[in-house]
Every structure is written in structure tokens, then in C-alpha cells.
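Subject: Structure handover

Hello,

Here is the structure for your files. Please open it alongside this note.

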Amino acid sequence: FNGRDFFTWDADSALREANVRYEWKLRGVVFGREANFKILTDSVVKILGSENPFESGHTGTFSIIDKATGIAFMARFVVTINSRFRRYDLLILSEKGDQSRLSHVIRRSAYAPDGVTVVAVFRLADRDVYKTVNGNDIPGKPITLAKSLAKNVGSLGSMTILTDQVAYVINNENMAKVSELKDEFLDGPPENLHVVDRHDCDNYTYITTRDGRIFRRIMSENYLGGKFISEPYSVDNKGYKVSTFGHAASNKQPVPCYDEKNRRVLINGFRYKYLYNPFRSFEINTIEPVTKGGGNKDNLPPVWGMPEGSEVLYLSRSRDYTIFYNDPDGKTYMGDFALSSTNVCKEVSGIRVWPFPGGNLDKSSLFLTTVSNYGPRDVVVYTKGNEVRYVDRGRNNADHLFHQFDSKVTYIGYITYQGYYDYNKLMVGLENGKFFIYEFNRNNFQLPKTLLSEFDVEGKVVSAMELHDVYGGDAY
């Protein structure tokens, strides 16, 4: 607290200083008697009592009191206390030898040099925040991060840290480990449970395992009850093997995923009991060929039965649905498909299959798409070695270089803020541990970009997630 910023003396400062005393008050409590001083944040929180200390606008008074007359000259001040882990901060998952590391990046707002424009400022606060809070390392090589609304865990929900050894669930408010997914089964964990991906749809949770099984949990609407069933989810009599979930438009929209065993796309989506009724269940459904809907299947990717030897690289809910895949000869394609209300493929104007404009890719390439009206819906961001590139589908599928780095790109993601209101910042993580945040024009990627922040987490970057409790946009 710097009281001297409030005033200047108009005469001999040493003489005047000797004849006054100072008081800082908050909620009627005097907590400081010097012009400038420091105090522990916890002490201020105790003064605020049961009131929520993390709300802004706690008004207090700073007084300069004449010792002889008791006359006080007063100024008002406002205290805002920020939690250590806040909405819109970032978590970065990286590889640290045979273990994983979670880093915390603070995001705050500040005024630009013009004194008017508000800009985002990012700072690496803790390179190993999980160990700082929990006292130990994260076992195993990292796979990904998965966030959940999880109001039963905390107001900011939870984050699941997935490695090849563990699936830790942490509270986003304080980074404390609260559970392991293996302990959240009704009858104990299934045999050989190695979770590799998680997707939450409101109070529904789906996880998939290393051997391709899917398990489902349905919690009560207030998140106070519900366990995973120890039997894997059943789709049909063909069985399935699903290693990862695709990109979803939001946590209430269908999620595409690829069944490697039967070479088909499955759709995980809410099933309505009857028209205009709130959703009653979230089920995994198969896709019927376009011929049953009366159309030409040659114009669409064969998502109901891919050719043997095909390799699916990415599935997205952008536009209708989009699949990026390699054919048996290793040629990369980008194909759109649309579904009827009964999951039959149908022909829609403009939907077709294209050779991927960026040339042939391998399984290590990453993709980034959005279906949000606030985001660049016509842009497909992807990686190719140490390059981040993009295909502008709104401009004749033109392929462009976004940036070339000095190490292989191992992560890309949008910073969306407040769920989905801002898609003009791109996160890029590298194999050498470098992490970049760029600002760009989301309506025209070709305009100059700005490097906002650069960090070194000292390990291969695998995943990154924002902390927020709004789930109206893309479910990354």
C-alpha cells in the first residue's frame, strides 16, 4: 500500500511528517499506520471476513491525521484480491524425462502504452506447479489434459492429467489432486485400465483406454453422485476400438470418434426422447451409408467403412463434420460429411472430398479447427514438422505458412477466453520446451501477427488448457 502516491507536501516535508499520523482502514478495521507498507494478503482476507474476498471493489480509506487538531485528510482506495489460480490462466503439460510436469501461466489484463487499450499479459508463474502444491512428481510420460465442468470438485471445475501411468484429477482452484480416475468406478477399476482420453458432456463423462474401450459415467445434475460402470460401453455386436475423441463444437454437441477395429466413424451425441424435449441421454451411434439416404456416396468420405490401410488423422465438428485421413497409399485427404437426424450420411451442397492442400501428412501432424461463430471457422490450422501452417477454406483452400520454428511443433491451440468470445490468440508448443503465444487477425490470417509471450517449460510441450467455467464454445 503506497499512500505517498495520494499526496504531496506544500511546505517543509520533514516538519509536516512529524506532525501527522496515518491510518489505513478496511471495513472499519485499521490495518496500517504507515504511509507506505506491505502486508500479507491473508491478513487482508481475514479483515474482509465471510464476504467473498475475491470480488473486486472492496473500498477503504487512507487518512492523514493532524496530531494537534485531529483533523483528517482522507482518500478512498479500492482493494481487489486475486486468487493464485484464476479464470483464464493457462496450464501447460510437458514431458520431463520419464515423468510429466504441469506448468502454470498467469494471464492478467493491463493497459497498453496508450493508456486506453486493454491487453492480455501472460507470465510463467510456476514451471512445476503440481509438485509445488502436491509435493511429488507426476508419474509417466504425458498424453494430454482434459478439463471438466465438475462443480463437485470446485467452481472452476477440474483438470485431468493423463499420462501413460496415471489419470490424476486436480481442482482448478488450487491445483490440489482430488482423485484418480481408477478410483471413481462403482465396483473397482476394470482390469488393465490405462486411460488415454476423456470427454465431458455436462454431467456425462466418457473415457477411452489404451486398448480402445470406452467407459461412461452419468452424474446427477448437481454433480453430487455418480460412478463409472466397470463394464465397457457397448455400441453394437461388432465391437469397437476407440483411442481418442474428436473435436466437438461444445460440451452439448456430438463428438466424432474413430473405431479402428471396424474402420468407421462413431458419433457420440445426445439422444432426444422426443422433439423439443431436453436431452435425456448421451449415446454413441453408428453412421449409415449415404445410399440409404438417397445420394451419391462417391462424393463423400466413406466414414461408415474406410478402406483397409486408411489412417485417420483428425475428426472435427467444424462446418458439419470433417475428417482428415491418409488413404492406403499414404495420400492425405480432407473430407466433409453431414448427417441426418438418424445418423444417415447425406449430400449437402459444397460437401466433398479434397486432396489435402498442404500435401501428405503423417500421424504426428496436429490439427486445430473451430465451429464457433466467433472463431475463424473457415481456417484449418495444422502442423508439419517444425512449421505451423493453415488452409483457408474460405479462400479456395489456399495453403499458407503461419510460422516456422527451430524445433518440431508438438502442440497448437486457441486461447478463447470466456468460453468462446476470442479466437485471436494462438498457442504453440515445441519439442524443445519453448511455448509461444501469438496474436493475429482471426478474419485474415495473412495480416501481420504479434508475438505476445514466450516461455521455456524445459520439456516437450504436449498439451495446454485454459482455466474457465464457461463451456459455450469449442470443447477443446
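**Ground rules**

This is a predicted model; local features need pLDDT of at least 70, side-chain atom pairs count only at pLDDT 80 or more, and totals for chains, interfaces and linings use all residues. Residues are numbered from 1 along each chain as its sequence is written, and side-chain values use heavy atoms, with hydrogens and water left out.

**Whole chain**

The protein chain holds three helices and 33 strands. Both are DSSP runs, numbered from the N terminus: helices are H or I with at least four residues, strands are E with at least two. The C-alpha trace spans about 95 × 55 × 50 Å along its principal axes.

Of the 476 residues, 50% are buried. Buried means under 20% relative accessible area, exposed over 50%, and partly exposed in between (1.4 Å probe, protein chains only). The chain exposes about 22,400 Å², and carbon and sulfur atoms supply 46% of that area. Areas come from the Shrake-Rupley method with a 1.4 Å probe; for residues, only the protein chains shown count as cover.

Take contacts (heavy atoms within 4.5 Å) between residues at least 6 apart in sequence. Of these, 49% join residues at least 24 apart.

The chain carries 59 positive and 58 negative charges, and their mean positions are 3 Å apart. Lys and Arg count as positive, Asp and Glu as negative; His and the chain ends are not counted. Each charge is placed at NZ of Lys, CZ of Arg, CG of Asp or CD of Glu.

**Strand β1**

Strand β1 covers residues 20-26. Five of its seven residues are buried. It pairs with strand β3 (residues 58-66) in the antiparallel sense, over seven bridges. Pairing requires at least two DSSP bridges between two strands.

Leu26 stands opposite Val29 in β2. β1 and β2 form a hairpin with two residues between them. In that turn, Arg27 has a positive phi of about 55°.

**Strand β27**

Strand β27 (residues 387-392) has six of six residues buried, so it is largely enclosed by the rest of the structure. Both faces are covered. Glu387, Arg389 and Val391 lie on one side; Val388, Tyr390 and Asp392 lie on the other.

Strand β26 (residues 379-384) runs antiparallel to β27, joined by six bridges. Val380 has Val391 of β27 as its bridge partner. The hairpin of β26 and β27 has two residues between the strands, and Gly385 takes a positive phi near 65°.

Strand β28 (residues 398-404) pairs with β27 in the antiparallel sense, over six bridges. Glu387 stands opposite Gln404 in β28. This hairpin has five residues between its strands, and Asn396 in the turn has a positive phi of about 60°.

**Cysteines**

Cys257 is buried, with a relative accessible area of 1%. Cys345 counts as buried too, at 1% relative accessibility.

Best regards
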